[in-house]
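Thank you for asking me to look through this model with you. Please keep the structure open beside the note, and take the points in order.

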Amino acid sequence: MMKIRYALILPLLHLAIAAPPVVHHQSEEWQFIPQAQAAEDFDKAHPGPIAAGMPWDPCYEYRLPSAGRLILTADFPVALLVNSSADECALRTTGLIPNGLKYYVPVKTRVIVTDCLLVLGIIVQWWLVGGWLDERHAQSKPTRQWIIPVAVITVGAIVMASTAFGQGAAAEIVNYFAGMITLLAWIVLIVMFVVAGTACVLRRIRH
């Protein structure tokens, strides 16, 4: 019987899931890069502009697109570190690397760099998760409790990707609730990793 290699399957699967909605979103947003560059140049030349007594906010009344919701929930750890050009306003206070490049790198270049980092992050993230599953399987340790949240995240990502192109209210509702369930599964998985890591450290200290 052929052994499942999660470290190979999971990165490729999640890249295939995330790519179509993100590429579709980028193809629509690419035409607005000149306007975004002009706004950023103005913001750099006039720091802290004031309009009607309120600080200017480019993300005012921002609505998270389906592609951004997919990255935010299905690839939550990567979204916290790298963010995505598909949802720049959603995690603008995180996204450590892209935020550090703002005002120093042109918008177009920053979008390309961000998406390249996003692809790399997805690969590394799911390679690590898959490697953990492969290692436990090789050591004949139980993997079911780990596979369940991974499966929920993967299925949720598939549902979100399939509804990302829908225009109706029903598709938006399904996409939203799938994202909530997927994010919850990620939180459970992260807690499981923290508990497992803490237990491993305590065992080493005792020995």
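1. The expected span of a helix, a value needed just below, is 1.5 Å times one less than its number of residues. Please bear in mind throughout that this is a predicted model.

2. Helix 6, which covers residues 107–138, has 32 residues, and the distance from its first C-alpha to its last is 46 Å, close to the 46 Å expected at 1.5 Å a residue. After helix 6 comes Ser-140, a residue whose phi is positive, near 60 degrees.

3. How do helix 6 and helix 7 run relative to each other, roughly parallel or roughly antiparallel? The axis of helix 6 and that of helix 7 (residues 144–163) come within 11 Å and cross at roughly 150 degrees. Angles over 145 degrees count as roughly antiparallel, and helix 6 and helix 7 are therefore roughly antiparallel to each other. The crossing in which helix 6 passes helix 7 is left-handed.

4. Helix 7 also meets helix 8 (residues 169–206), and here the axes come within 8 Å and cross at roughly 155 degrees. Helix 7 and helix 8 are therefore roughly antiparallel to each other, and helix 7 passes helix 8 in a left-handed crossing. Sorted by class, the residues in the contact of helix 7 with helix 8 are 18 nonpolar and six polar, with no charged residues.

5. Turning to open space, the second largest pocket holds about 340 Å³. It is lined by 16 residues, and those closest to its centre are Pro-65, Ser-66, Ala-164, Gly-166 and Gln-167. The elements that give two or more residues to this lining are helix 1 (6–29) and helix 3 (66–74), and helix 1 provides the largest share, four residues.

6. Which classes of residue make up the lining of the second largest pocket? There are six nonpolar, six polar and four charged residues in that lining, whereas the contact of helix 7 with helix 8 has no charged residues.

Terms used:
Residues are numbered from 1 along each chain as its sequence is written. This is a predicted model: local features need pLDDT of at least 70, side-chain atom pairs count only at pLDDT 80 or more; totals for chains, interfaces and linings use all residues. Side-chain values use heavy atoms; hydrogens and water are left out. On a 1 Å grid over the protein atoms alone, a cavity is a set of points where a 1.4 Å probe fits but cannot get out, and a pocket is an open set with protein on both sides within 12 Å along at least five of seven lines; lining residues have an atom within 4 Å of a point. Grid points are joined across faces, edges and corners, and a volume is the space filled by probe spheres set on the points. Ala, Val, Leu, Ile, Met, Phe, Trp, Tyr, Cys and Pro count as nonpolar, Asp, Glu, Lys and Arg as charged, and the others, Gly among them, as polar. Axes are lines fitted to C-alpha atoms, for helices over the stretch in contact, and angles run from 0 to 180 degrees between N-to-C directions. Angles under 35 degrees count as roughly parallel, over 145 as roughly antiparallel, 65 to 115 as roughly perpendicular and the rest as oblique. A crossing is left-handed if the near helix is turned anticlockwise from the far one by less than a right angle, and right-handed if clockwise.
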